Amino acid sequence: MLTRNCLSLLLWVLFDGGLLTPLRPHLRQTFEAEPRGNAVTGAEGKMSTVRVKRGWVWNQFFVLEEYMGSEPQYVGKLHSDLDKGVGSVKYTLLGDGAGTVFTIDETTGDIHAIRSLDREEKPFYTLRAQAVDIETRKPLEPESEFIIKVQDINDNEPKFLDGPYVASVPEMSPVGAYVLQVKATDADDPTYGNSARVVYSILQGQPYFSIDPKTGVIRTALPNMDREVKEQYQVLIQAKDMGGQLGGLAGTTTVNITLTDVNDNPPRFPKSIFHLKVPESSLVGSAIGRIRAVDPDSGKNAEIEYTIVPGDGGNLFDISTDELTQEGVIKLKKPLDFETKKAYTFKVEASNVHLDHRFHSVGPFKDTATVKINVLDVDEPPVFSKPLYTMEVYEDTPVGTIIGAVTAQDLDVANSAVRYFIDWKSDMDNFFTIDGTEGTIATNELLDRESTAQYNFSIVASKISNPLLTSKVNVIISVLDVNEFPPEIAGPYESHVCENAKPGQVIQIVGAADKDLSPAGHRFSFRLSPEITAKPNFTVHDYRNNSAGIVARRSGYSRRQQELHFLPVVIEDGSYPIQSSTNTMTIRVCRCDSDGTILSCNAEAIFLPVGLSTGALVAILLCIVILLVIVVLYVALRRQKKKDTLMTSKEDIRDNVIHYDDEGGGEEDTQAFDIGALRNPKVVEENKMRRDIKPDALRLPRPRPPAEDNTNIRDFINQRLRENDGDPSAPPYDSLATYAYEGNGSVAESLSSIDSLATEADQDYDYLSDWGPRFKVLAEMFGEEESHNPDKVT
């Protein structure tokens, strides 16, 4: 590159005519200056213009990047055809980097780069040049633009901007399976030379993987790579510019490749026989053991399904897969019994859940193992012969009668004896007992079916050799009924018959009830008691369906002659022993209408006049009550009127007493004085002593001494107070109007003549008009000149 630039400068020096020779002729551009001419006067006196075709010509300049020389790097030369070489032209440079990156010799037009340039930072600079006359400072040529392009050198290595990379490929993939594509970028100019031409290669990772040198695509290079052998691979990729030639720059990156799993391995049992020992007391549904098949695959490819191969012993057990450990969990489906069978053998098959059809040719993806289970003998509690015992007993069974028995047996080899006892929590009333050795149950109390018809309690059996081992069974004892209660009439014992009843008329249908419980159902019979006299008024007709009718045998029943009739009825049941009872029914004679509707059955109604109904009686009683209320109100009003007349008598003059500021105790104040003294004048004559309470003297917080001129007024008031205090007929203090000295506290002072030092004639009342509208009327009254009596007290 440096040699070519030197040649370009040499050719430029050899050129003539002030032309700026381009370094690359095919990009040459010619800039012609504005037409210039001098005015020349001809012989005819006319002006003619001479056109001068001069200008400067240049193309783009080139400058090497990363120049490290000691002198400024020469870029090129500017020259105008108007420059005659006498120093009259000045060259100027403007634009990108002018003065900071590039400088120009104002006289010669030589351009230099004063610092090192980086094409990757800025690939070209656009500048403007102009030729100026030194003396006139006027442009000789129009301003013209040119470009200085930074020429690239290979100073940037390829870089993997996305590295390091992570990729995966399924195991057992064929050769050439796509893995990943890497890409390196070079900051050098891709349009100039081979500085940005990158070639890829593998430095580490062969022979497992390969890479395309141009595209950077990584592929598998070996067949049947097995994840179970090696899962992780680290591949080192190199990218080199200059087309991979010697001297090119290189960059590297790492690609971590993982082989993903495929289901290429079947499960295998590590051993062919598994031995398990299970106690016979194991609960149904509990896990009794675990077996495991090994699958080197991972994830869902390693999921195993276990099944029991149908055969001997397999129906007692079940197997399922533990999703976390992929183990086969064997569970018990039915209870074990050491005494019945001591060992079981069956086969278990393990197979993959998710199969890959590409590997079916390898073989079946399942394995089989044998499981042998030995049942361990456990000391078990005794076992009852039945899960539930039911017994029956009659309610009149004597105490101590055996009603049944329970049986329990120790099935263990030792065959220990068994003891029986009743669980006291289920038979707290102790109605039954049990023989501890034989297991026979007997009554301990008299039983009553009507009280408790069924008993439910538990019997416990324990081994004598180990009393802690117990078993329990329920016993239900039903109490059978014994016919001990006679039947009775089910319903009211009272009936009614109309006075106008006819012979053979059924006046009541009765039934029967029995406290006993007959297994075949009750059968009752009804008849008249033998003790009844001949020709009774009523008879009983048995309908033979556990009911009977009471039938009238005559007509003309009369309440006046006989209001009540008593009919004894005998009822018998059909159980053994036969029980019977005599039930006396009361038949009341009632007055009825022609349709048989009962009008009245009360004995008091017999003596009432015919035709007077109950509604008429109620109306009469209501009228009597209203009249009584009117009389009571009238008497009360008369009494109230007399009382008011007495209180408003004209002789009681104390009602005219005027009260001022009466703040007595109100309606509840009955202790201050006898109010009757004010109402009754006679009390004043009889009782001369006053009953009111003399009030305490008023204490002012800040008393003001009265004026000396008010002594006569004060003596007058005190005298009147003493007279009223000694007068028993005077009104109470609560009603006394008190006059006292007001003092000098008022803003307007006192208007009373009591406290005035001068007479009204000497007073000047003009100031009243200054007190505002409130005292307007007062000011007008005192403003007139009238004669006033100075001795008059207001």
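Here is a short tour of this structure, stop by stop.

Before you click, know that this is a predicted model, where local features need pLDDT of at least 70, side-chain atom pairs count only at pLDDT 80 or more, and totals for chains, interfaces and linings use all residues. Residues are numbered from 1 along each chain as its sequence is written, and side-chain values use heavy atoms, with hydrogens and water left out.

**Stop 1: the core.** Select Phe269, Phe317, Ile330, Val348, Val371 and Ile373. These have the most contacts inside the largest nonpolar core, which has 25 residues. (A nonpolar core is a set of buried Ala, Val, Leu, Ile, Met, Phe, Trp, Tyr and Cys residues joined through side-chain atoms within 4.5 Å; buried means under 20% relative accessible area, exposed over 50%, partly exposed in between, with a 1.4 Å probe and protein chains only.) Among the strands that each supply at least two residues of this core are S19 (273-279), S21 (304-309), S24 (343-352) and S25 (366-376). Strands here are DSSP runs of E, at least two residues long, numbered from the N terminus.

Now zoom in on Val371. Not counting residues up to four places away in sequence, Val371 touches Phe274, Leu276, Ile291, Ile330, Tyr344, Thr345, Phe346 and Val348. Touching, or contact, means heavy atoms within 4.5 Å.

**Stop 2: a four-stranded sheet.** Colour S19, S25, S24 and S21, which form an open, mixed sheet in that order. S19 and S21 are at the edges with a single partner strand each, so one side of each has no neighbour in the sheet.

**Stop 3: Strand S27.** Select residues 388-394. Which residues are on the covered face of S27, and which on the uncovered one? Tyr389, Met391 and Val393 are covered, while Leu388, Thr390, Glu392 and Tyr394 are uncovered. In a regular strand, side chains alternate between the two faces of the sheet. Thr390 stands opposite Ile476 in S34.

**Stop 4: Ser416.** Look in the loop between strand S29 (408-409) and strand S30 (418-422). Is Ser416 buried or exposed? Ser416 counts as buried because its relative accessibility is 12%. Leaving aside neighbours within four places in sequence, Ser416 is in contact with Asp410, Lys463, Ile464 and Ser465. Finish by showing Ser465: Ser416 and Ser465 are 49 residues apart in sequence, yet 6.1 Å apart in space, C-alpha to C-alpha.

Technical notes: Two strands pair if DSSP finds at least two bridges between them.
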